[in-house]
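Please read the briefing below alongside the sequence and the coordinates.

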Amino acid sequence: MPPLGPGSPQGGTDLEKHRDRLMVENERLRQELREWRAQPAGPCPGCEHSQESTRLRDQLSQLQLEVAENRGALSELNLEVQQKTDRLAEVELRLKDCLAEKAQEEERLSRRLRDSHETIASLRAQSPPVKYVIKTVEVESPKTKQALSESQARNQHLQEQVAMQRQVLKEMEQQLQSSHQLTVQLRAQIAMYESELERAHGQMLEEMQSLEEDKNRAIEEAFARAQVEMKAVHENLAGVRTNLLTLQPALRTLTNDYNGLKRQVRGFPLLLQEALRSVKAEIGQAIEEVNTNNQELLRKYRRELQLRKKCHNELVRLKGNIRVIARVRPVTKEDGEGPEATNAVTFDPDDDSIIHLLHKGKPVSFELDKVFSPWASQQDVFQEVQALITSCIDGFNVCIFAYGQTGAGKTYTMEGTPENPGINQRALQLLFSEVQDKASDWEYTITVSAAEIYNEVLRDLLGREPQEKLEIRLCPDGSGQLYVPGLTEFQVQSVDDINKVFEFGHTNRTTEFTNLNEHSSRSHALLIVTVRGVDCSTGLRTTGKLNLVDLAGSERVGKSGAEGSRLREAQHINKSLSALGDVIAALRSRQGHVPFRNSKLTYLLQDSLSGDSKTLMVVQVSPVEKNTSETLYSLKFAERVRSVELGPGSRRTELGSWSSQEHLEWESACQTPQPAARAHSAPSSGTSSRPGSIRRKLQPSA
Ligand code: ADP
Ligand code: MG
């Protein structure tokens, strides 16, 4: 601490005393705090008292901070006082110098005054004898006159000297006067300095006084605050102490508990290890059991799967590899009114495979595998074909044909409407869901192609060049498979994909043909779905093909009624539908030669019609009177086709794949020789030549 200036020694000592007192008090409190912290119970975290004491500690550190600040202010004040004292001493020194200078000057001036006075006195003492000499000389002689004049001259000279001396004296007196004035001035200056000094001193004293007061006040305030806070700290400390006293028994019990737990924990790893060992053993055993169970189940599942497939095949076989169903459409507005539009078709309420037709007044009945009345929904029809479609996943080739005269409902059954889709879309939906169900064991890819056969020309409906004629060729790899180079295949994964493909095919057709309705009734539309699967566990590969065919209208065009292109179309349709009937008949009767090559349609579908393939013919029927001739013709065709049996179903796998023309012909040749098939025959002529093609003709009991 810097020394205090004069006039306030008492204040500095008080301040120091205060400070010392505060420091001592601080030290004592710190000590107390340290002791309290060092107590064995330690702080109880989260307890109210520890929070309180933390708060108090914070307050204490704040107070300490304030004291340090005050101390800083005090040292600043002391510095200021020191500076003022130094300035005062300097002023006093300067004053002393001035006084000494003044005394010297006074001394010098008085000395000169004295000298001047002495000179004047000596001069005054010399003058009278001279005057006297002059008078005497004047009186005495010429000689003396000369002497007198000399004396007068000397006198003159002396007088001049006196005048000079007087002048000097006068100057000296003036000098003395100015000296006096200077002295007076200096005295006034000194008095001014002294008064200034006095004032500065008084001011300094005042300042020191006020500073002293401020300091004392600040110290007092800080002290009072510290005291109040210390009191609170003390009180809290006392509270904490009492709390600590009450906490100690609790702590003792807790310690006891803790020790007990510690003992238990020490033994726990052993117990845990024991338990883990036994649990591990149990789990291992359980897993082993589950594994063996799983293996057993898998084995059983595989056996069941085989069995299911066998049963399914058996079922299909029992139903016949070629199944024929009829679907009668409702009477529509387009049928018109009057006797021509009356209904000519009736059903057997007890047998859903019988259909009665009143043709030219004569009732004719047919038995098919199933007959759907006009009230049957798209779903009802689909239910009937569902099994066929799923067999395609197992590697079988499937053909579904819609046959019938134009307007009988072929397109409705195959394609349906957007709100009420037909077999095509439902089949693909079913395939997707079946494939999904099998996804854990099998990996499937589904692709679709769409083609059209018009006037015996095959065209790609999904290609970029729909006009391009496509050819059917034998695979060069020797597998015997047929393929159509350039036929577009789209891989599909969802119903959305399918819709896009259909949309694309439809757009292609619409832009290609001005009268699509007319055109489509004279062409065969094919949707070819290929399902390729790989068994993940065995690597066995299967390929199944689903051919969905909306055939051209089967109505016969009288030679007289058609000419030119219409006649050519009719001839082509007739030829290809006859070829279809012939191929099926040849297969059914196991003839040595199956005339697949007689039409583009049969050639293209060769491997889906022969051997282990499954075929479904949906014969569409118009119910009205005016169409009964065509209806009769269609139903006859249906019965003819239905009675054909294909070979026993066998799975089409890569291992046992056979489907080439050669192979088919070889297989046919191996079978019991049959009479050669008609190379080309019309369905009408074929009907009568087939024994037992109409299994039962029912006459209505009326
Ligand atoms: P096709 O393709 O054989 O020429 P369509 O499928 O075009 O015949 O059917 C001709 C008309 O009859 C269409 O308007 C169609 O909607 C309607 N139609 C066909 N079958 C049914 C049915 N089962 N239910 C309702 N309407 C049908
Ligand atoms: Mg149609």
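The points that follow treat the ligand site, the helices, a surface patch and a loop.

This is a predicted model, in which local features need pLDDT of at least 70, side-chain atom pairs count only at pLDDT 80 or more, and totals for chains, interfaces and linings use all residues. Residues are numbered from 1 along each chain as its sequence is written, chains are lettered from A and ligands numbered from 1 in the order in which they are written, and side-chain values use heavy atoms, with hydrogens and water left out.

- The residues around ligand 1 are Arg327, Arg329, Pro330, Gln405, Thr406, Gly407, Ala408, Gly409, Lys410, Thr411 and Tyr412, where a residue counts as near a molecule or strand if one of its heavy atoms lies within 4 Å of it.
- Helix α5 (residues 410-414) contributes the most to this shell, with 3 residues; helices (H or I, at least four residues) and strands (E, at least two) are DSSP runs, numbered from the N terminus.
- Among the polar contacts (pairs of N or O atoms within 3.5 Å; within protein, one must be able to donate a hydrogen and the other to accept it, and residues adjacent in sequence count only if both atoms are side-chain atoms), a polar backbone atom of glycine 407 is 2.7 Å from an oxygen atom of ligand 1.
- Threonine 411 places a polar side-chain atom 2.6 Å from an oxygen atom of ligand 1, while for tyrosine 412 a backbone N or O atom lies 2.7 Å from an oxygen atom of ligand 1.
- Of the 550 Å² of accessible area that ligand 1 has on its own, the protein covers 70%; such areas come from the Shrake-Rupley method with a 1.4 Å probe, and for residues only the protein chains shown count as cover.
- In an unreviewed entry, UniProt lists Gly404, Gln405, Thr406, Gly407, Ala408, Gly409, Lys410 and Thr411 under "binding site"; UniProt positions are given in the numbering used here, feature names are shortened, and annotations may be inferred rather than shown by experiment.
- Glycine 404 sits in the loop between β6 (398-403) and α5, and glycine 404 counts as buried because its relative accessibility is 0%, the classes being buried under 20% relative accessible area, exposed over 50% and partly exposed in between (1.4 Å probe, protein chains only).

**Helices and the coiled-coil annotation**

- The UniProt record, an unreviewed entry, places a "coiled-coil region" at residues 155-221 and 280-307.
- Over residues 280-307 the chain is 100% helix and 0% strand, with the end C-alpha atoms 39 Å apart.
- Leucine 33 belongs to helix α1 (residues 9-38) and is buried, with a relative accessible area of 14%.
- Although leucine 33 and leucine 237 are 204 residues apart along the chain, their C-alpha atoms are separated by 8.9 Å.
- Serine 391, in helix α4 (residues 378-393), is buried at 0% relative accessible area, and its side chain reaches the backbone oxygen of leucine 388 at 2.7 Å.

**Surface patch**

- Val265, Phe268, Leu271, Leu272 and Leu276 make a nonpolar surface patch of about 490 Å².
- Leucine 271, found in helix α3 (residues 142-319), is exposed because its relative accessible area is 59%.

**Loop between β7 and β8**

- Asparagine 455 lies in the loop between β7 (442-454) and β8 (457-460), has a positive phi of about 50° although it is not a glycine, and counts as buried at 15% relative accessibility.
- Glutamate 456 is found in the loop between β7 and β8, with a positive phi near 65° in a residue other than glycine, and counts as buried at 13% relative accessibility.

Definitions and conventions:
Patch = residues over 30% accessible without salt bridge, like charges linked within 9 Å, V, L, I, M, F, W, Y side chains within 5 Å. Salt bridge = Lys/Arg side-chain N within 4 Å of Asp/Glu carboxyl O.
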